[in-house]
Amino acid sequence: MEIDLRGWLLALSNVLLYWLVQMFNDVLGDHGLTLHLGALYLILPAACLRQGWALLLAFATGWLIDAPLPVTFGFHSVLYALTVTLLYAFQRSLGRAGLGQLILVALGVNAILILVQSLLLAGPLLGNSLYWLRVGGDLLASTLALPLIGWWFLSWERWLLLLTGSGTEAPESA
C-alpha cells in the first residue's frame with residue numbers, strides 16, 4: 001500500500017475535529033447534551049482514499065473516540081469501519097458532490113450512527129423513556145450543529161487537500 005498524503009491530512013483533521021467536539025461537549029455537558037458528529041470523520045476519507053487507508057483512518061479515529069469512554073475496546077472503530085465500507089460503495093458520487101450534498105449525506109449518516117450506537121449501548125436502559133429522551137436531545141443537538149460545523153470542517157478538509165495538490169476525487173486504482 002502506497003502512503004497517501006491525503007490520509008495524513010484527513011487524520012490530522014479528524015484529531016482537530018475530535019478536540020473541538022470535546023470542547024463543545026465540555027460546555028454542553030452542563031446542560032445534559034452531547035454532540036455526536038461521527039459522520040464528519042468518515043465522509044471525505046470514504047470519498048477520496050483507497051479503501052484500505054479509509055478503513056485504517058476509521059479504525060484510528062474510532063480508537064481515539066473510544067479512549068476516554070467506558071465502552072468495549074474498538075466499539076467505535078468497528079462501527080466506523082462498517083460505515084466507511086458502506087460509504088465506499090458511493091465513492092465516485094461522494095468525490096464529485098458539493099458541500100451541500102455532503103452535508104445532507106452527513107446528516108443522514110450521523111443520525112443512523114447515533115441511533116445504532118444508542119441501541120448497542122442501551123443494555124438495561126432500552127425500555128427507559130428518560131434514556132431515549134436523552135438520545136433524542138443529543139440527536140437534535142447534533143443535527144442542528146452538524147450543518148454549521150460540517151460546512152466549516154468539510155471546507156477545511158477540501159482546502160487542505162487542494163493546497164497540497166490533491167483533490168477529493170477517488171484514486172485511479174480504487
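Is Trp152 buried, partly exposed or exposed, and what is its relative accessibility? In this predicted model, Trp152 counts as partly exposed because its relative accessibility is 38%, a value that falls between the cut-offs of 20% for buried and 50% for exposed.

**View 1. The aromatic cluster that includes Trp152.** Trp152, Phe153, Trp156 and Trp159 form one aromatic cluster, and a search of the whole structure finds seven aromatic pairs. One of these joins Trp152 to Phe153 in a tilted arrangement, with 6.1 Å from centre to centre and 45° between the planes. Whereas Trp152 is partly exposed, Phe153 has a relative accessibility of 0% and therefore counts as buried.

**View 2. The stacked pair of Trp152 and Trp156.** The ring centres of Trp152 and Trp156 are 6.5 Å apart and their planes meet at 15°, so this pair is stacked. Both residues belong to helix H7, where they are four residues apart, about one turn of the helix. Trp156, with a relative accessible area of 28%, is partly exposed.

**View 3. The largest nonpolar core.** This core has 42 residues, and Leu40, Tyr41 and Leu42 are those with the most contacts inside it. Two or more residues come from each of helix H1 (5–28), helix H2 (38–48), helix H3 (51–66), helix H4 (75–88), helix H6 (99–122) and helix H7 (129–163), with H2 giving the most, nine residues.

**View 4. The surroundings of Tyr41.** When neighbours within four places in sequence are left aside, Tyr41 is in contact with Asn14, Leu17, Tyr18, Val21, Thr61, Ile65 and Tyr80.

Notes. Residues are numbered from 1 along each chain as its sequence is written. This is a predicted model: local features need pLDDT of at least 70, side-chain atom pairs count only at pLDDT 80 or more; totals for chains, interfaces and linings use all residues. Side-chain values use heavy atoms; hydrogens and water are left out. A nonpolar core is a set of buried Ala, Val, Leu, Ile, Met, Phe, Trp, Tyr and Cys residues joined through side-chain atoms within 4.5 Å. Buried means under 20% relative accessible area, exposed over 50%, partly exposed in between (1.4 Å probe, protein chains only). Contact means heavy atoms within 4.5 Å. Rings of Phe, Tyr and Trp (its six-membered ring) pair if their centres lie within 6.5 Å; planes under 30 degrees apart count as stacked, over 60 as edge-to-face and the rest as tilted.
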